[in-house]
Amino acid sequence: MTEPILQTRGLSRDFGPFRAVDDLSLTIQKGSITGLIGPNGAGKSTCFNLLTGMLAPTAGQIMLNGQDVTRQRPDQLFSAGLGRTFQIPRPFSRMSVLENVMLAPLNQTGERIVGPFLRRARVHDEEARIRARALEVLDFVTLAPLADHPAGQISGGQMKLLELARVLMGDPELILLDEPAAGVNPTLTGILIGKIEELNRQGKTFVIIEHDMDFVMQHCDPVIALAEGRKVFEGTAAQAQADPVLLDAYLGA
Ligand code: ADP
Ligand code: MG
């Protein structure tokens, strides 16, 4: 039995005369780890920006758990259980790893102004609660030993784990990961995959943009391919691997 957690209908986004996402209708099943693939410029990250309310669609609809969330703001969607990571992690580099996780609800919105949140966090109980939760989440992603390090000094792979930790602060049902394995060494990729699968067993749904086809083939099902803003393939990883057009044109295999 599957039921959709996220659906889009006719989702499109123009940048001037250029259509980056074109009439996209997606259904993401609850409990799945869906792989989103396609060449550079296919519209994958723009799709995530639309789904998380960071960009307004030119046309189309987005439904989360059957509710129309098309015009909701990123912070509303984060509260509703939708979390995402960024292709290029952008931590507050002079703040500690722990502080970055504590500020996660704010980072989700793409805001860079921390004043109001910090003022609120200074209320003692609230800060203690957020700190305890952040430490728990850091422990889960194996970064607890780096909690007091400046976030700008950890490795690229550790930054991807930090991104995941930030997402987990919202206890999301649906997690969108933008190229989690890109530029990450195999040890940290292994840790990340283990955490994704553990969270998936706990019931969390993932959509993962990834260029590493081994990663996609081993861990994602189904696989959706975009090209020039359109969906050009949807099927199992095995079907994707056997699709000559897909392999040739979109995967560069
Ligand atoms: P992908 O993540 O699949 O590599 P993107 O979604 O980042 O692709 O980009 C899709 C297309 O939209 C690209 O041609 C990109 O240059 C364009 N694009 C993305 N964001 C913007 C923007 N803010 N303004 C103008 N063009 C953009
Ligand atoms: Mg991208």
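Strand 9 is covered on both faces, with Thr205, Val207 and Ile209 buried on one side and Phe206 and Ile208 buried on the other. Five of the five residues of this strand, residues 205-209, are buried, so strand 9 is largely enclosed by the rest of the structure. The model is a predicted one, and its protein chain holds eleven helices and eleven strands. Of the 253 residues of that chain, 40% count as buried, and residues 24 or more positions apart account for 70% of the contacts with a separation of 6 or more.

**Strand 9 and its partners**

- Strand 4, which spans residues 33-37, pairs with strand 9 in the parallel sense over four bridges, and within this pairing Thr34 stands opposite Val207.
- Strand 8, which spans residues 174-178, also pairs with strand 9 in the parallel sense, here over five bridges, and Ile175 stands opposite Phe206.

**The nonpolar core**

- The largest nonpolar core has 62 residues, of which Val97, Val101, Val137, Leu138, Leu162, Ala165 and Ile208 touch the most other members.
- Helix 7, covering residues 156-168, gives the most to this core, with seven residues.
- Ile208, one of the residues of strand 9, is in contact with Ile33, Gly35, Leu36, Leu177, Pro180 and Cys220 when its neighbours within four places in sequence are left aside.
- As general background, nonpolar side chains in soluble globular proteins tend to be buried together.

- The residues around ligand 1 are Phe15, Ala20, Gly38, Asn40, Gly41, Ala42, Gly43, Lys44, Ser45 and Thr46.
- By residue class, this shell divides into three nonpolar, six polar and one charged.
- Helix 1, which runs over residues 44-51, gives the most to the shell around ligand 1, with three residues.

- Glu198 and Met54 are 144 residues apart in sequence, and their C-alpha atoms are 28 Å apart in space.

**Backbone geometry to check**

- Most residues other than glycine have a negative phi, and most peptide bonds are trans.
- Against that background, Asp23, a residue of strand 2 (residues 18-24), has a positive phi near 55 degrees although this residue is not a glycine.
- Asp23 counts as partly exposed because 15 C-beta neighbours lie inside 10 Å, a count that falls between the limits of 12 or fewer for exposed and 20 or more for buried.
- Glu179, likewise not a glycine, has a positive phi of about 50 degrees, and its place is in the loop between strand 8 and helix 8.
- A cis peptide bond, with omega of about 5 degrees, joins Asp221 and Pro222, and Pro222 lies in the loop between helix 9 (213-219) and strand 10 (223-227).

Key:
Residues are numbered from 1 along each chain as its sequence is written. Chains are lettered from A and ligands numbered from 1 in the order in which they are written. This is a predicted model: local features need pLDDT of at least 70, side-chain atom pairs count only at pLDDT 80 or more; totals for chains, interfaces and linings use all residues. Helices (H or I, at least four residues) and strands (E, at least two) are DSSP runs, numbered from the N terminus. Two strands pair if DSSP finds at least two bridges between them. A residue is near a molecule or strand if its C-beta atom, placed from the backbone, lies within 6 Å of it. Ala, Val, Leu, Ile, Met, Phe, Trp, Tyr, Cys and Pro count as nonpolar, Asp, Glu, Lys and Arg as charged, and the others, Gly among them, as polar. Two residues are in contact if their C-beta atoms, placed from the backbone, lie within 7 Å. A nonpolar core is a set of buried Ala, Val, Leu, Ile, Met, Phe, Trp, Tyr and Cys residues joined through C-beta atoms within 7 Å.
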